[in-house]
Each structure stands twice: as C-alpha cells, then as structure tokens.
Amino acid sequence: MLNRVVLVGRLTKDPELRYTPNGAAVATFTLAVNRTFTNQSGEREADFINCVTWRRQAENVANFLKKGSLAGVDGRLQTRNYENQQGQRVFVTEVQAESVQFLEPKAAGGTNQNPGTYNQGGQQNNQYQYNNNQQQNNQNEGDPFQNDGGPIDISDDDLPF
C-alpha cells in the first residue's frame, strides 16, 4: 500500500497552534495549491487543502509561517469522522504533514528568519541555506547576465542552432 502526498502552495491564513491535554503541540493550516490547467474561461483554479503537523514541527510552522507564505508539505492523507452538534456525521480528509519546507526567505515575503526543512522530530535541514550560499558563489564567477537590461555580446559560434 502507498499513501504519499507532496504539495507546494501558499498558506491561506496564519497557522493555528494548539496543545493537546498531554502537552503535544498541533498546528493546522490550509494550503492553496494551483491546478495545472485552466478552466473554460481561462482562469487558473486552486484547491484548498487542510494540513496538520505535530510537536516541534508544529511550533516551527506556527513561528515561521504566516498567511501567504510559500510552503512545501510531504506527508500522508488521513480521514477521520465525528458527530457535530446537530447529530450529523462529519467526515474530514486532511494531510498529516511529516515534513514542511519553508520555500521562501524572509526578504521574499515569508516570515521565517532561518528557512529550511523541519522534519517530524523538529530537526532542521538547512538545504535552503546551502543553495543560497552556492548561488552567491556562482554570481561571483563571471555571470553573463550581470548587467541585466544591457546589450549582450554573443558570437554566432556560441549559439546552439
């Protein structure tokens, strides 16, 4: 059997952090994920997917993400049901996030000061920090697009066609 979900989207509102009676942190948030196609009027629609994360990762999500933040979620689908106040059975499907990635730095509109991946145990993977340093090193190595907007001198021998 396989139950795996990978999503990239923007939070529709600030994450909601609560604690269970046993003291375990739980954060809930909704991701707006664009569909890959447009509707008949040419507009792109989105799905709004409820996500749940637990413990240290829940606290990190609540501290570093806010409405509009770009996030990646890796997890599994889970369903549950309960009886509401009117006596009706309500079924809920949500993503149990095992890993949440903060996909934009604070300067780009996110709230996280140290972006990266937080796994279920709350340990950080500084993949973003490594990639950011690598990009800065590459910029110092003769970037042909350094003078963006200015003319670029390219000979016909450099063209692939």
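How many residues lie between β2 and β3 in their hairpin, and which turn residue has a positive phi? The legends below take up this and other views. The model is predicted; local features need pLDDT of at least 70 and side-chain atom pairs count only at pLDDT 80 or more, while totals for chains, interfaces and linings use all residues. Residues are numbered from 1 along each chain as its sequence is written, and side-chain values use heavy atoms, with hydrogens and water left out.

**View 1. The β2–β3 hairpin.** Five residues separate the two strands, and G23 in the turn has a positive phi of about 95°. Strand β2 (residues 16-19) runs antiparallel to β3 and is joined to it by four bridges (strands are DSSP E runs of at least two residues, helices H or I runs of at least four, numbered from the N terminus; pairing requires at least two DSSP bridges). Opposite R18 stands V26 of β3.

**View 2. The largest nonpolar core.** This core (buried Ala, Val, Leu, Ile, Met, Phe, Trp, Tyr and Cys residues joined through side-chain atoms within 4.5 Å; buried means under 20% relative accessible area with a 1.4 Å probe, protein chains only) has 16 residues. Those with the most contacts inside it include L7, F29 and V100. At least two residues come from each of β1 (5-11), β3 (25-38), α1 (55-64), β5 (70-83) and β6 (89-102). The most, four residues, come from β6.

**View 3. E104 in the loop between β6 and β7 (117-119).** E104 is buried, at 9% relative accessible area. Its side chain makes a polar contact of 3.3 Å with that of R10 (N or O atoms within 3.5 Å, one able to donate a hydrogen and the other to accept it within protein; residues adjacent in sequence count only if both atoms are side-chain atoms). The E104 side chain also reaches the backbone nitrogen of L70 at 3.2 Å.

Notes: Buried < 20%, exposed > 50% of the residue type's maximum accessible area, 1.4 Å probe, protein only.
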